[in-house]
Amino acid sequence: WALRPIVEGHLDHLDEERLFDWLQARTHAFAKDCGALSGNYELTESAVAANHVCKAFRPDLSVAGKPDEATRKLVSDRVKRITRLLARQEAAMIARAEAGDAPSQFWYSAFFTRYKKRNGIALRWLLKSAEQGYAPAQYEVAKAYADGDGAPVSVADARKWFQAASINGHTWAQGEYIRVLAGTYCWGDYPDTPKCVPSKEELFEAYAWSIATEERTNESDAWLKYSPEQVLAAYRRADEIRRDVAAKGVR
C-alpha cells in the first residue's frame, strides 16, 4: 500500500530515482497483487486518473468517468513510471532474498505456486525465512504442513512452526496452536484428516495458551472440569507464556 500516493499522483514531482528511494524507505516488499492497484479510489477529480492508472494494470476493473486528453496523457506517463518502479522494486526484493533477508524471502515465496503434497520452491523460500525467526513465514510454513498445501501433511512439523510463530507473537498462529494442542485442528484434506487425540499435558498447555492470548472462544469440556488448583496452575503457566512472548516479540 506504500504505492498509493504514487498511484494518486502526489509524488509526480519526484524524478524516478528519488521516487524509488522514497518507496524503498517505506517497504522492501513487492506483491504482484498490490492493493494500491485495485482501484476504488474516491470519485474526486484528482482520483479519476488514479482509477484509470489501476485499470491499466488490471483491465477487468470497471472505472467510472471518461478521462479527457490531459488526463489520458497523465495516466499514460504515470503508468510507465509505475511499471519501471515495480520492476526495480521486484528486482531489489529478489536480490535481498537471495542475500538472506528474511522478510524479502517471505514475500518472494509468494511468487511461486504451492502444489499440494509437494515440497515446492515456495516452501523452500518460506523455510529460509522461518528459520531466521520471521513470524509470518513461520506461520505460513506451519499452515503448509498442516493443510498439505505446498508440503506433505505433517503434524509434527506444523506443530513445531505454529509454536515458534506463537512465541514470536503471531496472533493467528496462537489461535491455530491452541487448536493443535487441544486436538481440534482439522488436518489436511477431508476425509484423510489425521486423528490426533491430545494428552492431558497438551490439553493443559492449550488451556494456558488460551488464557495467555485470551483466545477463549472454544472452551474444552475438559477445561470446564478443572479443579481450582489446576486452574491456578494454568494461570501461572499463562503468565510464563506471556513473558516468553514479550521477550521474543513479533519479527
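A salt bridge, as the term is used here, is a side-chain nitrogen of Lys or Arg within 4 Å of a carboxyl oxygen of Asp or Glu. Keep that in mind as we walk through this predicted model, where local features need pLDDT of at least 70, side-chain atom pairs count only at pLDDT 80 or more, and totals for chains, interfaces and linings use all residues. Residues are numbered from 1 along each chain as its sequence is written, and side-chain values use heavy atoms, with hydrogens and water left out.

Let's start with the charged pairs. A search of the whole structure turns up 14 salt bridges. In one of them, the side chains of Arg88 and Glu17 meet at 3.1 Å, N to O. Arg88 sits in helix α4 and Glu17 in helix α2 (residues 16-24), so this pair ties together parts that are 71 residues apart in sequence. Helices here are DSSP runs (H or I, at least four residues), numbered from the N terminus.

Arg72 forms a salt bridge with Glu69, their closest N and O atoms 2.7 Å apart; both lie in α4, three residues apart, about one turn of the helix. Over in α12, Glu240 and Arg237 are likewise three residues apart, about one turn, and their salt bridge has its closest N and O atoms 3.2 Å apart.

Now for the inside. Helix α5 (residues 102-109) is mostly covered, with six of its eight residues buried (buried means under 20% relative accessible area, exposed over 50%, partly exposed in between, using a 1.4 Å probe and protein chains only). Among the buried ones are Phe106 and Tyr108. The buried residues of α5 pack against α4 (69-99), α6 (121-130) and α7 (135-147).

The largest nonpolar core has 40 residues, and those with the most contacts inside it include Leu123, Val141 and Trp161. Such a core is a set of buried Ala, Val, Leu, Ile, Met, Phe, Trp, Tyr and Cys residues joined through side-chain atoms within 4.5 Å. Val141 touches Leu123, Leu126, Leu127, Ala130 and Trp161, leaving aside residues up to four places away in sequence; contact means heavy atoms within 4.5 Å. A second, separate core of 32 residues includes Ala50, Leu86, Ala97 and Tyr108.

Terms used
Helices (H or I, at least four residues) and strands (E, at least two) are DSSP runs, numbered from the N terminus.
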